[in-house]
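Work through the exercises below with the sequence and model at hand. Each task is followed by a stepwise solution.

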Amino acid sequence: MSIDIISLIALTAAALWTVMTRSLLRSGIGLALTSALLAVVIFRLNAAYAAVFELSVCSGLISVLFISTISLTHPLTRAETLEHMKTRLKRFWYLPVIVVLVAVAFCIARLKFSVELPKAVAAEDARFILWNLRRLDVIGQVIILLAGAFGVALLFKKRD
Amino acid sequence: MTTGLGLFWFFGPFIVLLFVIGLYCIFATYNLVKALIGLEILIKAVTLLIIVAGCISGRLALAQTMVITLIVIEVVIMVVAIGIVLGIRGHTGSLDARELRSVKG
(Lines give C-alpha, C1' and ligand atoms only; values in the text may rest on other atoms or scores of the structure.)
Protein backbone atom coordinates (compact mmCIF):
# COMPACT_ATOMS: atom_id res chain seq x y z
CA MET A 1 0.00 0.00 0.00
CA SER A 2 2.87 2.37 0.75
CA ILE A 3 4.05 2.02 -2.86
CA ASP A 4 0.60 3.18 -4.04
CA ILE A 5 0.66 6.23 -1.77
CA ILE A 6 4.21 7.11 -2.80
CA SER A 7 3.31 6.68 -6.50
CA LEU A 8 0.21 8.86 -6.17
CA ILE A 9 2.06 11.62 -4.31
CA ALA A 10 4.89 11.47 -6.88
CA LEU A 11 2.29 11.58 -9.69
CA THR A 12 0.67 14.71 -8.26
CA ALA A 13 4.07 16.32 -7.62
CA ALA A 14 5.20 15.56 -11.18
CA ALA A 15 1.98 17.05 -12.61
CA LEU A 16 2.43 20.15 -10.43
CA TRP A 17 6.06 20.52 -11.56
CA THR A 18 4.96 20.12 -15.19
CA VAL A 19 2.54 23.01 -14.82
CA MET A 20 4.62 25.34 -12.65
CA THR A 21 8.01 25.05 -14.33
CA ARG A 22 9.10 27.98 -16.48
CA SER A 23 10.77 26.04 -19.27
CA LEU A 24 8.55 24.42 -21.90
CA LEU A 25 11.09 21.64 -22.40
CA ARG A 26 10.96 20.79 -18.70
CA SER A 27 7.17 20.77 -18.97
CA GLY A 28 7.41 18.18 -21.75
CA ILE A 29 9.78 16.04 -19.68
CA GLY A 30 7.49 16.42 -16.64
CA LEU A 31 4.54 15.22 -18.72
CA ALA A 32 6.48 12.09 -19.68
CA LEU A 33 7.31 11.52 -16.00
CA THR A 34 3.64 12.02 -15.04
CA SER A 35 2.56 9.45 -17.65
CA ALA A 36 5.17 6.94 -16.44
CA LEU A 37 4.04 7.34 -12.82
CA LEU A 38 0.39 6.99 -13.88
CA ALA A 39 1.35 3.75 -15.66
CA VAL A 40 2.83 2.49 -12.36
CA VAL A 41 -0.40 3.37 -10.49
CA ILE A 42 -2.55 1.69 -13.16
CA PHE A 43 -0.33 -1.42 -13.12
CA ARG A 44 -0.72 -1.61 -9.33
CA LEU A 45 -4.51 -1.63 -9.90
CA ASN A 46 -4.15 -4.89 -11.90
CA ALA A 47 -4.81 -3.14 -15.23
CA ALA A 48 -1.69 -4.31 -17.09
CA TYR A 49 -2.92 -3.68 -20.67
CA ALA A 50 -3.94 -0.09 -19.93
CA ALA A 51 -0.62 0.47 -18.13
CA VAL A 52 1.38 -0.75 -21.14
CA PHE A 53 -0.59 1.53 -23.48
CA GLU A 54 -0.16 4.48 -21.09
CA LEU A 55 3.59 3.88 -20.82
CA SER A 56 4.30 3.30 -24.52
CA VAL A 57 1.89 5.76 -26.14
CA CYS A 58 1.46 8.59 -23.63
CA SER A 59 4.88 8.51 -22.00
CA GLY A 60 6.67 7.74 -25.26
CA LEU A 61 4.89 8.94 -28.39
CA ILE A 62 3.09 12.02 -27.06
CA SER A 63 6.18 13.21 -25.16
CA VAL A 64 8.25 12.91 -28.34
CA LEU A 65 5.58 14.92 -30.17
CA PHE A 66 5.62 17.66 -27.53
CA ILE A 67 9.41 17.85 -27.33
CA SER A 68 9.64 17.99 -31.15
CA THR A 69 7.10 20.82 -31.21
CA ILE A 70 8.91 22.71 -28.45
CA SER A 71 12.20 22.36 -30.33
CA LEU A 72 10.57 23.93 -33.39
CA THR A 73 9.47 27.04 -31.48
CA HIS A 74 11.30 29.93 -29.81
CA PRO A 75 11.11 30.05 -26.01
CA LEU A 76 10.10 33.21 -24.11
CA THR A 77 12.84 35.37 -22.62
CA ARG A 78 13.49 35.20 -18.86
CA ALA A 79 11.96 38.65 -18.27
CA GLU A 80 8.80 37.75 -20.22
CA THR A 81 8.42 34.49 -18.29
CA LEU A 82 8.83 36.21 -14.89
CA GLU A 83 6.28 38.88 -15.85
CA HIS A 84 3.82 36.21 -16.95
CA MET A 85 4.28 34.27 -13.68
CA LYS A 86 3.60 37.43 -11.63
CA THR A 87 0.33 38.19 -13.44
CA ARG A 88 -0.66 34.50 -13.21
CA LEU A 89 -0.23 34.52 -9.42
CA LYS A 90 -2.32 37.70 -9.16
CA ARG A 91 -5.16 36.34 -11.32
CA PHE A 92 -5.45 32.85 -9.83
CA TRP A 93 -4.61 33.31 -6.13
CA TYR A 94 -7.96 31.76 -5.15
CA LEU A 95 -7.41 28.34 -6.77
CA PRO A 96 -5.01 26.97 -4.07
CA VAL A 97 -7.41 28.38 -1.43
CA ILE A 98 -10.29 26.38 -2.97
CA VAL A 99 -8.15 23.20 -2.98
CA VAL A 100 -7.21 23.69 0.70
CA LEU A 101 -10.87 24.37 1.66
CA VAL A 102 -12.02 21.19 -0.14
CA ALA A 103 -9.26 19.20 1.62
CA VAL A 104 -10.40 20.60 5.00
CA ALA A 105 -13.99 19.65 4.16
CA PHE A 106 -12.82 16.09 3.37
CA CYS A 107 -10.99 15.95 6.71
CA ILE A 108 -14.00 17.25 8.64
CA ALA A 109 -16.22 14.62 6.98
CA ARG A 110 -13.89 11.98 8.54
CA LEU A 111 -13.81 9.71 5.55
CA LYS A 112 -12.50 6.21 6.11
CA PHE A 113 -9.56 5.10 4.00
CA SER A 114 -9.88 1.35 4.45
CA VAL A 115 -8.19 0.31 1.25
CA GLU A 116 -7.86 -3.23 0.03
CA LEU A 117 -7.21 -3.61 -3.66
CA PRO A 118 -9.58 -6.09 -5.32
CA LYS A 119 -8.22 -8.85 -7.51
CA ALA A 120 -8.91 -8.85 -11.25
CA VAL A 121 -12.02 -10.78 -12.28
CA ALA A 122 -10.78 -13.98 -13.89
CA ALA A 123 -13.88 -14.50 -16.03
CA GLU A 124 -13.35 -11.28 -17.98
CA ASP A 125 -10.46 -10.90 -20.36
CA ALA A 126 -9.61 -7.48 -21.79
CA ARG A 127 -8.59 -9.04 -25.13
CA PHE A 128 -11.94 -10.85 -25.46
CA ILE A 129 -13.92 -7.70 -24.63
CA LEU A 130 -11.86 -5.54 -27.03
CA TRP A 131 -12.01 -7.87 -30.04
CA ASN A 132 -15.52 -9.31 -29.56
CA LEU A 133 -17.83 -7.18 -27.43
CA ARG A 134 -16.40 -3.82 -28.52
CA ARG A 135 -15.59 -4.69 -32.12
CA LEU A 136 -17.55 -1.71 -33.44
CA ASP A 137 -15.53 0.60 -31.21
CA VAL A 138 -12.30 -0.79 -32.66
CA ILE A 139 -13.58 0.08 -36.15
CA GLY A 140 -14.43 3.54 -34.81
CA GLN A 141 -10.88 3.91 -33.48
CA VAL A 142 -9.44 3.01 -36.89
CA ILE A 143 -11.70 5.65 -38.51
CA ILE A 144 -10.59 8.25 -35.94
CA LEU A 145 -6.93 7.40 -36.59
CA LEU A 146 -7.48 7.81 -40.33
CA ALA A 147 -9.30 11.10 -39.74
CA GLY A 148 -6.33 12.31 -37.67
CA ALA A 149 -3.85 11.24 -40.33
CA PHE A 150 -5.82 13.01 -43.10
CA GLY A 151 -6.23 16.08 -40.87
CA VAL A 152 -2.48 16.37 -40.33
CA ALA A 153 -1.81 15.77 -44.03
CA LEU A 154 -4.24 18.61 -44.82
CA LEU A 155 -2.67 20.94 -42.23
CA PHE A 156 0.84 20.49 -43.64
CA LYS A 157 -0.19 20.50 -47.26
CA LYS A 158 1.94 22.84 -49.34
CA ARG A 159 0.00 25.71 -50.85
CA ASP A 160 0.78 26.49 -54.47
CA MET B 1 -18.86 -2.47 -1.22
CA THR B 2 -16.99 -0.85 1.67
CA THR B 3 -13.73 -1.83 0.00
CA GLY B 4 -14.86 -0.22 -3.25
CA LEU B 5 -15.87 3.02 -1.54
CA GLY B 6 -12.62 2.96 0.43
CA LEU B 7 -10.77 2.65 -2.86
CA PHE B 8 -12.69 5.63 -4.24
CA TRP B 9 -11.93 7.81 -1.23
CA PHE B 10 -8.28 6.80 -1.42
CA PHE B 11 -7.81 7.70 -5.10
CA GLY B 12 -10.51 10.42 -5.29
CA PRO B 13 -8.52 13.32 -3.76
CA PHE B 14 -5.55 12.62 -6.05
CA ILE B 15 -7.84 12.47 -9.10
CA VAL B 16 -9.42 15.80 -8.09
CA LEU B 17 -5.95 17.31 -7.52
CA LEU B 18 -4.78 16.18 -10.98
CA PHE B 19 -7.95 17.63 -12.50
CA VAL B 20 -7.45 20.99 -10.72
CA ILE B 21 -3.78 21.10 -11.80
CA GLY B 22 -4.80 20.50 -15.43
CA LEU B 23 -7.55 23.13 -15.27
CA TYR B 24 -5.17 25.64 -13.69
CA CYS B 25 -2.67 25.03 -16.50
CA ILE B 26 -5.31 25.66 -19.15
CA PHE B 27 -6.70 28.78 -17.44
CA ALA B 28 -3.43 30.39 -16.40
CA THR B 29 -1.29 30.13 -19.50
CA TYR B 30 -1.32 32.00 -22.80
CA ASN B 31 1.07 29.52 -24.37
CA LEU B 32 -0.75 27.11 -26.68
CA VAL B 33 1.68 24.20 -26.10
CA LYS B 34 1.33 24.63 -22.32
CA ALA B 35 -2.47 24.60 -22.71
CA LEU B 36 -2.20 21.26 -24.54
CA ILE B 37 -0.02 19.93 -21.71
CA GLY B 38 -2.80 20.99 -19.30
CA LEU B 39 -5.33 19.11 -21.41
CA GLU B 40 -3.06 16.04 -21.23
CA ILE B 41 -3.04 16.24 -17.42
CA LEU B 42 -6.86 16.50 -17.42
CA ILE B 43 -7.02 13.34 -19.54
CA LYS B 44 -4.65 11.58 -17.12
CA ALA B 45 -7.08 12.33 -14.27
CA VAL B 46 -9.96 10.87 -16.32
CA THR B 47 -7.87 7.77 -17.17
CA LEU B 48 -7.19 7.11 -13.50
CA LEU B 49 -10.88 7.69 -12.67
CA ILE B 50 -12.01 5.12 -15.28
CA ILE B 51 -9.58 2.48 -13.96
CA VAL B 52 -10.64 3.10 -10.34
CA ALA B 53 -14.31 2.89 -11.39
CA GLY B 54 -13.54 -0.44 -13.11
CA CYS B 55 -11.90 -1.74 -9.92
CA ILE B 56 -14.86 -0.68 -7.79
CA SER B 57 -17.50 -2.17 -10.09
CA GLY B 58 -15.51 -5.38 -10.72
CA ARG B 59 -15.45 -4.71 -14.51
CA LEU B 60 -11.76 -3.93 -14.76
CA ALA B 61 -11.35 -5.58 -18.18
CA LEU B 62 -14.07 -3.34 -19.65
CA ALA B 63 -12.46 -0.30 -18.03
CA GLN B 64 -9.12 -1.25 -19.58
CA THR B 65 -10.63 -1.40 -23.07
CA MET B 66 -12.24 2.00 -22.44
CA VAL B 67 -8.84 3.40 -21.43
CA ILE B 68 -7.24 1.96 -24.59
CA THR B 69 -9.92 3.73 -26.67
CA LEU B 70 -9.32 6.93 -24.67
CA ILE B 71 -5.56 6.76 -25.32
CA VAL B 72 -6.08 6.26 -29.08
CA ILE B 73 -8.43 9.26 -29.25
CA GLU B 74 -6.02 11.28 -27.06
CA VAL B 75 -3.17 10.64 -29.49
CA VAL B 76 -5.25 11.73 -32.48
CA ILE B 77 -6.41 14.88 -30.67
CA MET B 78 -2.86 15.77 -29.67
CA VAL B 79 -1.41 15.19 -33.14
CA VAL B 80 -4.08 17.34 -34.82
CA ALA B 81 -3.86 20.02 -32.09
CA ILE B 82 -0.07 20.21 -32.39
CA GLY B 83 -0.47 20.52 -36.17
CA ILE B 84 -2.89 23.41 -35.66
CA VAL B 85 -0.54 25.05 -33.11
CA LEU B 86 2.38 24.83 -35.54
CA GLY B 87 0.14 26.28 -38.27
CA ILE B 88 -0.80 29.20 -35.98
CA ARG B 89 2.88 29.76 -35.18
CA GLY B 90 3.69 29.83 -38.87
CA HIS B 91 0.90 32.37 -39.40
CA THR B 92 1.35 34.69 -36.40
CA GLY B 93 4.99 33.96 -35.52
CA SER B 94 4.27 33.15 -31.87
CA LEU B 95 2.58 30.62 -29.60
CA ASP B 96 0.71 33.30 -27.64
CA ALA B 97 -3.06 32.74 -27.53
CA ARG B 98 -3.60 36.53 -27.27
CA GLU B 99 -2.42 36.86 -30.86
CA LEU B 100 -5.63 35.04 -31.85
CA ARG B 101 -7.97 37.67 -30.41
CA SER B 102 -8.37 39.13 -33.88
CA VAL B 103 -10.19 35.92 -34.83
CA LYS B 104 -13.04 36.81 -32.43
CA GLY B 105 -16.26 37.73 -34.19
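What radius of gyration does chain B have, and what would a compact globule of 105 residues have?

Chain B has a radius of gyration of 17 Å, whereas a compact globule of 105 residues would have one near 13 Å. The radius is taken over C-alpha atoms, and the globule rule is 2.2 Å times the number of residues to the power 0.38. Along its principal axes, the C-alpha trace of chain B spans about 55 × 25 × 20 Å.

This is a predicted model: local features need pLDDT of at least 70, side-chain atom pairs count only at pLDDT 80 or more, and totals for chains, interfaces and linings use all residues. Residues are numbered from 1 along each chain as its sequence is written, while chains are lettered from A and ligands numbered from 1 in the order in which they are written.

**Exercise 1. Confidence**

Task: state the scores of the model, then find where confidence in chain B is lowest and highest.

Step 1. The model scores ipTM 0.90 and pTM 0.82.

Step 2. Take pLDDT, the predictor's confidence in each residue, from 0 to 100. Chain B has a mean of 86, and 93% of its residues reach 70 or more.

Step 3. Within chain B, helix α1 (residues 2-28) is lowest, at a mean of 83. Helix α2(B) is highest, at 92.

**Exercise 2. Two chains, element by element**

Step 1. Elements are DSSP runs numbered from the N terminus: helices are H or I with at least four residues, strands are E with at least two.

Step 2. Apply the burial rule: buried means 20 or more other C-beta atoms within 10 Å of the residue's own, exposed means 12 or fewer, and partly exposed lies in between, with C-beta atoms placed from the backbone.

Step 3. Turn to contacts, which need C-beta atoms, placed from the backbone, within 7 Å. Take pairs at least 6 apart in sequence. In chain A, 53% of these contacts join residues at least 24 apart. In chain B, the share is 48%.

**Exercise 3. The interface**

Task: describe the side of chain A that touches chain B.

Step 1. The contact takes 61 residues from chain A and 54 residues from chain B.

Step 2. On the chain A side, the elements giving two or more residues are α1 (2-20), α2 (24-44), α3, α5 (94-108), α6 (126-133) and α7 (135-155). The largest share, 13 residues, comes from α3(A).

Step 3. By class, this side has 41 nonpolar, 12 polar and 8 charged residues. Ala, Val, Leu, Ile, Met, Phe, Trp, Tyr, Cys and Pro count as nonpolar, Asp, Glu, Lys and Arg as charged, and the others, Gly among them, as polar.

**Exercise 4. Helix packing**

Task: how do α3(A) and α2(B) pack, parallel or antiparallel?

Step 1. Helix α3 (residues 48-72) of chain A and helix α2 (residues 32-57) of chain B pack at about 175°, with axes 12 Å apart. Axes are lines fitted to C-alpha atoms, for helices over the stretch in contact, and angles run from 0 to 180 degrees between N-to-C directions.

Step 2. Under 35 degrees is roughly parallel, over 145 roughly antiparallel, 65 to 115 roughly perpendicular, and the rest oblique. Therefore α3(A) and α2(B) are roughly antiparallel.

Step 3. Residues in this contact include F66(A) and I70(A) on α3(A), and I37(B) and I51(B) on α2(B). The classes are 7 nonpolar, 2 polar and 2 charged.

Step 4. Now look inside chain A. There α2(A) and α3(A) pack at about 175°, with axes 8 Å apart. That makes them roughly antiparallel.

**Exercise 5. Two residues**

Task: are I37(B) and G148(A) buried or partly exposed?

Step 1. I37(B) lies in helix α2 of chain B. It counts as buried because it has 27 C-beta neighbours inside 10 Å. Leaving out residues up to four places away, I37(B) touches T18(A), S27(A), L31(A), F66(A) and C25(B).

Step 2. G148(A) lies in helix α7 of chain A. With 19 C-beta neighbours inside 10 Å, G148(A) counts as partly exposed. Beyond four places in sequence, G148(A) is in contact with V76(B), V79(B) and V80(B).

Notes. Two residues are in contact if their C-beta atoms, placed from the backbone, lie within 7 Å.
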